[in-house]
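The points may be read against the coordinates.

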Amino acid sequence: MLETTIAAIGPLDEAAMSTARQLQTRLTKPAGSLGLLEELSVRLAGLAGTCPPPLPSPAAVAIFAGDHGVHAQRVTPWPQEVTVQMVGNFLAGGAVVNAFARQAGATVTVVDVGVATPLPTPDDHSPAGDARVAARGGVSGHGRVDVPRLVDANVRRGTRDMTVTAALTRDEARSAVEVGIRIAGELIDGGAALLVTGDMGIANTTPAAALIAAFTGVDAAEATGRGTGVDDPTYQHKIEVVRAALLRHTPDPTDPLGVLAAVGGLEHAALTGLLLGAAARRVPVLLDGVIAVSAALAAAALAPDAVGAMIAGHRSAEPGATVALRQLGLTPLIDLGLRLGEGTGALLALPVVTGAVRVLHEVATFDSAGVAEK
Ligand SMILES: O=C(O)c1ccc[n+]([C@@H]2O[C@H](COP(=O)([O-])O)[C@@H](O)[C@H]2O)c1
Ligand SMILES: Cc1cc2nc[nH]c2cc1C
């Protein structure tokens with residue numbers, strides 16, 4: 001499945017891009033006046049292979065949740081149980097991502113790819129438990145904006161501590177990537193015209209930093225940030241944890257699955273798969289924060305043309321995100337100092353993407369509107 005997906009990923013369509021570039025010069029606005037939106041519209045035409053490309057609606061956010069053995073190294077102040085508790089919050093519709101998804105008209109799919117704690121069974125009648133059980137059986141909720149859906153695709157109940165041993169076996173890393181590919185396919189088959197990356201996993205900024213250092217070659221100190229907000233001593237310690245993991249495994253960036261297995265996470269690997277799956281189907285994906293861009297580096301290493309389907313939604317406050325975006329050659333659409341994850345920054349950028357495409361559909365040309373050209 002991974003190999004066939006990679007084989008299906010191809011370059012942007014040059015003819016559609018040149019049609020879009022040409023159309024941009026005829027629309028009633030000074031050439032170049034829409035800045036980055038013009039480039040984006042051209043790229044989306046190249047991805048779709050047609051001009052104008054389809055409007056990116058409806059959108060679907062996929063939130064991959066996982067836990068991390070490296071949590072034992074005290075790289076975050078938050079207890080690991082917050083991962084499963086936030087999964088409950090997503091399913092009950094109470095998280096920031098739910099508010100932003102309702103605003104954007106996007107569906108929410110929560111994928112348990114590696115949560116440590118088993119999800120509640122049907123006899124759990126806590127509010128979050130009820131919501132999870134309803135969502136799990138809730139086929140009728142699929143595709144509805146106001147009913148988050150849970151997919152149980154747990155590969156392993158959390159990764160191993162990467163400072164001690166590889167976080168995942170190669171097979172586990174591949175299985176998680178294939179979960180992401182499958183989710184991309186299901187969401188697109190269900191009608192999604194654009195996918196949005198989301199993640200939840202206490203401690204997951206540590207493997208994100210290690211992946212970014214491994215794929216870009218920057219030092220651990222450049223790739224590592226404060227995550228949910230660690231104090232100065234914990235931040236210095238976190239850098240040393242990332243450095244120790246890199247020294248132990250010396251991951252080879254030309255072996256992306258090996259890197260994901262050594263120092264990655266289950267949600268990072270699944271996001272890699274989501275990006276590959278979307279690129280293979282020529283559907284755009286909005287990247288959220290540092291976890292998504294670390295996964296994007298793995299996807300780009302597996303299939304360089306996959307970057308053509310990626311749109312950087314925002315610039316996370318995590319320094320590693322900027323390092324990764326530079327290597328990917330992507331300019332973020334918004335920069336608001338966000339560092340929440342869940343898909344929140346990407347969802348805020350969705351109207352910008354829609355605007356870029358809507359221009360090609362709706363704006364009059366100088367000829368048709370009778371506006372004089374210079
Ligand atoms: O998206 C980001 O750039 C981002 C930056 C910092 C933190 N997060 C979120 O916070 C959690 C990980 O933070 P930490 O400090 O536990 O590694 C995880 O659930 C992420 O979704 C996300
Ligand atoms: C409360 C909380 C919400 C989050 N959402 C994404 N990561 C998170 C981490 C914490 C701690």
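1. A residue is counted as near a molecule if its C-beta atom, placed from the backbone, lies within 6 Å of that molecule. On this basis, W78, V82, M86, M200, T228, L340, G341 and E342 surround ligand 2. The model under discussion is a predicted one.

2. By class, the shell around ligand 2 comprises five nonpolar residues, two polar residues and one charged residue.

3. Around ligand 1 there are 23 residues, of which T76, G227, G289, S316 and G341 come nearest. Two or more residues of this shell are given by each of β4 (194-200), α8 (205-216) and α13 (290-302).

4. The shell around ligand 1 divides into eight nonpolar, ten polar and five charged residues.

5. Helix α3 (residues 36-48) has 13 residues, and at 1.5 Å a residue these should span 18 Å.

6. Helix α3 is mostly covered, with ten of its 13 residues buried. The buried residues are E38, L40, S41, V42, R43, L44, A45, G46, L47 and A48. They pack against α2 (14-26), β6 (310-312) and α15 (344-362).

7. Which residue just after α3 takes a positive phi? It is G49, with a phi of about 75 degrees.

How values were computed:
Residues numbered from 1 in each chain as written. Chains lettered and ligands numbered in written order. Predicted model: local features only at pLDDT ≥ 70, side-chain atom pairs only at ≥ 80, totals over all residues. Helix = DSSP H or I, 4+ residues; strand = E, 2+ residues; numbered from the N terminus. Nonpolar A, V, L, I, M, F, W, Y, C, P; charged D, E, K, R; others polar. Expected span 1.5 Å × (residues − 1). Buried ≥ 20, exposed ≤ 12 C-beta atoms within 10 Å, placed from the backbone. Contact = placed C-beta atoms within 7 Å.
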